[in-house]
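Trainee: Please take me through one spot in this model, slowly and in detail. I'd like to see how a single side chain sits among its surroundings.

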Amino acid sequence: QVQLVESGGGLVQAGDSLRLSCAASGRTFSIYTMGWFRQAPGKEREFVAAIRWGGSSTYYADSVKGRFTVSRDSAKNTVYLQMNSLRPEETAVYYCAADRRWPISNKADCWGQGTQVTVSS
């Protein structure tokens, strides 16, 4: 079992930046990919970004390319999502996920509890 705990959400204004963190614990050796997803009210959960746990490969949703950066700190078993130039439509609950597969999808093995990001206009 892998446990994931997100942090760093909050209320910001449009154009601001925010960094989310996801700390992994437990059987982290089983992780191959870590990803970020988000779910806005009344909408389906969507993919945001992902990174290979043991390497540096990353990929992003087209809507966030150039503004969001996913990174990891292996020593801390933590993955980050740096979000710049945030938009009001990106208000959502952001979830961290871990999976044994690449790429990651909504069927990932393990999920965090989510952290709320609210972007005011």
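Mentor: Happy to! A polar contact here is a pair of N or O atoms within 3.5 Å; within protein, one must be able to donate a hydrogen and the other to accept it, and residues adjacent in sequence count only if both atoms are side-chain atoms. This is a predicted model, where local features need pLDDT of at least 70 and side-chain atom pairs count only at pLDDT 80 or more, while totals for chains, interfaces and linings use all residues. Residues are numbered from 1 along each chain as its sequence is written, and side-chain values use heavy atoms, without hydrogens or water.

Let's look at R72, which belongs to strand β7, residues 68-73 (strands are DSSP runs of E, at least two residues, numbered from the N terminus). The R72 side chain reaches the backbone oxygen of W53 at 3.2 Å. That side chain also reaches the backbone oxygen of R52, at 3.4 Å. R52 and W53 are both among the residues that R72 touches, leaving out those up to four places away in sequence; the others are I51, G54, G55, S56, T78 and V79 (contact means heavy atoms within 4.5 Å).

How values were computed
Helices (H or I, at least four residues) and strands (E, at least two) are DSSP runs, numbered from the N terminus.
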